[in-house]
Amino acid sequence: MEFVQAKSSQEAEILDFINYVFSQSKVPHDFKKLLPFVYNKDGFSELHFVAEENGRIKGTVALLPFTLRVGNAKLNAGFVGSVSVHPYERGRGIMKALMDKLDKKAQEEKLDLVFLGGRRHRYMYFGYERCGTHLMFNLNGDSLRHALYDVDEKGYGFVAFDMASDSQIKKAYDMYLQKQKFTAERDLETFKEKAKSQFAQGYVFTKGEEALGYIILSQDNNIEEMSLEKKFIRPCLKSAIIKFGDCKAVCPAWDTELFMELQEISEGYQIFSRNMLRVYNWERVLNASLQLKQKPLKEGRVLFEIENAGTFYIEINKENAKAYETQEKAEIKLTQEQTVRLLFSPVGMFDKVSDEFFNWLPLPMELAVPDGF
């Protein structure tokens, strides 16, 4: 069996293969509709490695590179997707060989970090761990009756992206640029493509004909992303409950403005981590994440060693927050998976080592559903 970079002539076969494998184990999948910004265009073969035997694809994996904007910082990132092995070929080490290929490519392309959506214990073997602190708020009739009863929703409405005017889409895009602080960089066309897929739909929130911002609503009635000025958040949420019924709103931990609104009007909430993460450049990733962390942070300094990655200081003072590598010896020693869990997930606060990190944790690492692969 060969494990090679996919060829452009294999794109139709790759698409058929991943549609078949994912539809076998889950709900029916059509990747052209599910991820149009990748699979509805030519050239996606260059993202894929394939396992080939006797002229047939037995497995594939893809790495989608992107620029991750974290506040004012930018990181070289990737997202692993379309990890699939033919049901008849499992147990032969195909996934491991493909993931090894992908790991080498991530290093060659000097990616700072790579995300992945999938089963935790399956991908921990490849150096990934759960990350991100998302809050999911429940919005229902009680929210209308008790928390939103005095909010005037008259004149407000929603227009699906594919029915919105160019000027309405442009306003929604401007709000995306203004409000989303942890996001894959999206140009206008990619913004529109990511707002409409097999499992989600983007809506421009309007008053009359004027666009105010947008939401992205999943087929499960989860508001996965929203970008609005603060004064329009409550009218939008009330209008959403009225139009779409009981729903849930996802809020990344870094978005304190949205959090303050949702925690007052929701019936309850859950905290969860969505993606898995592997870090390749700890210094760059830590510095970007620290810049987005909400102030004030307690002043201090902590030294820790990350296995096979180096020893680092995180230092917070009145002027700035920074992380840097050092040759000093550290008493705190962590594996890379432990470090992700400690610094970038909600469970880190329960680790006794977290006391050494003052009030800094968790650090932001919340990638929204539209940026998944």
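Modeller: A salt bridge here is a side-chain nitrogen of Lys or Arg within 4 Å of a carboxyl oxygen of Asp or Glu. The model is predicted. In general, side chains of opposite charge can pair when their charged atoms come close. Over the whole structure, the search returns 24 salt bridges. Three of them are described below.

One of these pairs is formed by the side chains of R92 and E53, with a distance of 3.1 Å from N to O. R92 belongs to the loop between β4 (73-85) and α4 (94-108), whereas E53 belongs to strand β2 (residues 48-53), and the two are 39 residues apart, so that distant parts of the chain are linked. R92 has a relative accessibility of 44% and is therefore classed as partly exposed, since that class lies between under 20% for buried and over 50% for exposed. E53, with a relative accessible area of 21%, is also partly exposed.

The next pair joins R284 to D112, whose closest N and O atoms are 3.0 Å apart.

In the pair of R341 and E129, the closest N and O atoms are 2.5 Å apart. R341 comes from helix α12 (residues 336-344) and E129 from strand β6 (residues 129-131), so this pair ties together parts that are 212 residues apart in sequence. R341 is partly exposed, because its relative accessible area is 27%; E129 is buried, because its relative accessibility is 1%. Salt bridges can also share partners, and in this way E53, K58, E89 and R92 are joined into one network.

Within α12, the residues Q336, T339, V340, L342, L343 and F344 are buried. An α-helix has 3.6 residues a turn, so residues three or four places apart point the same way. The cover over the buried residues of α12 includes β6, β15 (275-279), α11, β16 (300-306) and β19 (332-334).

Two other features complete the picture. The structure contains 1 cavity of 30 Å³ or more, and the largest cavity has a volume of about 130 Å³. Its lining consists of 13 residues, with Q180, E224, V250, P252 and A368 lying nearest the centre. Two or more lining residues come from each of β12 (222-227) and β13 (247-252), and β12 contributes the most, with 3 residues. By type, the lining of the largest cavity comprises 7 nonpolar, 2 polar and 4 charged residues.

As for covalent links between cysteines, the search of the whole structure finds 0 disulfides. For C247, the nearest cysteine sulfur is that of C236, 9.2 Å away, and C247 is buried at 5% relative accessibility. For C251, the nearest cysteine sulfur is likewise that of C236, at 14 Å, and C251 is buried with a relative accessible area of 0%.

How values were computed:
Residues are numbered from 1 along each chain as its sequence is written. This is a predicted model: local features need pLDDT of at least 70, side-chain atom pairs count only at pLDDT 80 or more; totals for chains, interfaces and linings use all residues. Side-chain values use heavy atoms; hydrogens and water are left out. Helices (H or I, at least four residues) and strands (E, at least two) are DSSP runs, numbered from the N terminus. Buried means under 20% relative accessible area, exposed over 50%, partly exposed in between (1.4 Å probe, protein chains only). On a 1 Å grid over the protein atoms alone, a cavity is a set of points where a 1.4 Å probe fits but cannot get out, and a pocket is an open set with protein on both sides within 12 Å along at least five of seven lines; lining residues have an atom within 4 Å of a point. Grid points are joined across faces, edges and corners, and a volume is the space filled by probe spheres set on the points. Ala, Val, Leu, Ile, Met, Phe, Trp, Tyr, Cys and Pro count as nonpolar, Asp, Glu, Lys and Arg as charged, and the others, Gly among them, as polar. Contact means heavy atoms within 4.5 Å. A disulfide is a pair of cysteine sulfur atoms within 2.5 Å.
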